[in-house]
Amino acid sequence: DALPILFGYYLYQHGKRRGSTVVDLGLGRYRAGCATASAVLAVGVPAGLVLFLTNICDFVRNYYLGSLGSDVELAAWGAVQKISNALMAITIGVAQGVRPLLAYNYAAGLYARVRALIRGAFVVMLAYVALALVLVHLFPSPIVRLFVTEERAVETAVYFLEVWTYTIVFIGALELFNAIF
């Protein structure tokens, strides 16, 4: 977590030695008007709300799994959540990887390249999602057994996982839409 701070400090020191800084730490030169604040809030509040509501959904789901189900269902969902986090991390990585390429080419006015990048990102995401669906549906038990070993929990987790995997199509599309727009 300290790496960005160290990198910023490195850039600042490197710039001082050269006579011009790459990172300007003179905060007094910056003014944030109402337009800037409202633009930051327009993006930040919905993003923060999504994260907050995701945590609320996790809490409610876990509460009902624990109170209406048994430890088996809770353990099964825990395994599915670990698998889903791994699968979603790749969709987020594809979206994060294409974002700077899109921004650079859009700013340079290379709109044909931007369209090609968007098409390419969708092809990569679709290929990954298809691969994830095939692997999970061909080998659900071995994947689940990496996280739980009790037979009833494995059976329940396999069912949960097979249902959940269809959402990765929408998660991948959502991540790309967020990166594009």
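Which residues have the most contacts inside the largest nonpolar core? In this predicted model, they are Val 80, Leu 87, Val 144, Trp 164 and Ile 168, and the core has 33 residues. H3, H4, H6 (151-164) and H7 are the elements that give two or more residues to this core. The largest share, 11 residues, comes from H3.

| Helix pair | Crossing angle | Axes |
|---|---|---|
| H4 (residues 111-138) and H7 (residues 167-180) | roughly 160° | come within 10 Å |
| H3 (residues 71-107) and H4 | about 175° | 9 Å apart |

The angle between H4 and H7 is roughly 160°, and as this is over 145 degrees, H4 is roughly antiparallel to H7. The crossing of H4 and H7 is right-handed. On the H4 side, the residues that meet H7 include Ile 118, Phe 122, Met 125 and Val 129, while H7 brings Ile 168, Gly 172 and Leu 176, among others. By class, that contact has 13 nonpolar, one polar and no charged residues.

H3 and H4 pack at about 175°, which makes H3 roughly antiparallel to H4. Among the H3 residues in this contact are Leu 87, Thr 91, Val 98 and Asn 105, and they face an H4 set including Arg 113, Leu 117, Ala 121 and Tyr 128. Sorted by class, the H3 with H4 contact has 18 nonpolar, two polar and one charged residues.

Back to Ile 168, one of the core residues with the most contacts. Neighbours within four places in sequence aside, Ile 168 is in contact with Leu 87, Thr 91, Tyr 128, Val 129 and Ala 132.

Notes:
Residues are numbered from 1 along each chain as its sequence is written. This is a predicted model: local features need pLDDT of at least 70, side-chain atom pairs count only at pLDDT 80 or more; totals for chains, interfaces and linings use all residues. Side-chain values use heavy atoms; hydrogens and water are left out. Axes are lines fitted to C-alpha atoms, for helices over the stretch in contact, and angles run from 0 to 180 degrees between N-to-C directions. Helices (H or I, at least four residues) and strands (E, at least two) are DSSP runs, numbered from the N terminus. Angles under 35 degrees count as roughly parallel, over 145 as roughly antiparallel, 65 to 115 as roughly perpendicular and the rest as oblique. A crossing is left-handed if the near helix is turned anticlockwise from the far one by less than a right angle, and right-handed if clockwise. Contact means heavy atoms within 4.5 Å. Ala, Val, Leu, Ile, Met, Phe, Trp, Tyr, Cys and Pro count as nonpolar, Asp, Glu, Lys and Arg as charged, and the others, Gly among them, as polar. A nonpolar core is a set of buried Ala, Val, Leu, Ile, Met, Phe, Trp, Tyr and Cys residues joined through side-chain atoms within 4.5 Å. Buried means under 20% relative accessible area, exposed over 50%, partly exposed in between (1.4 Å probe, protein chains only).
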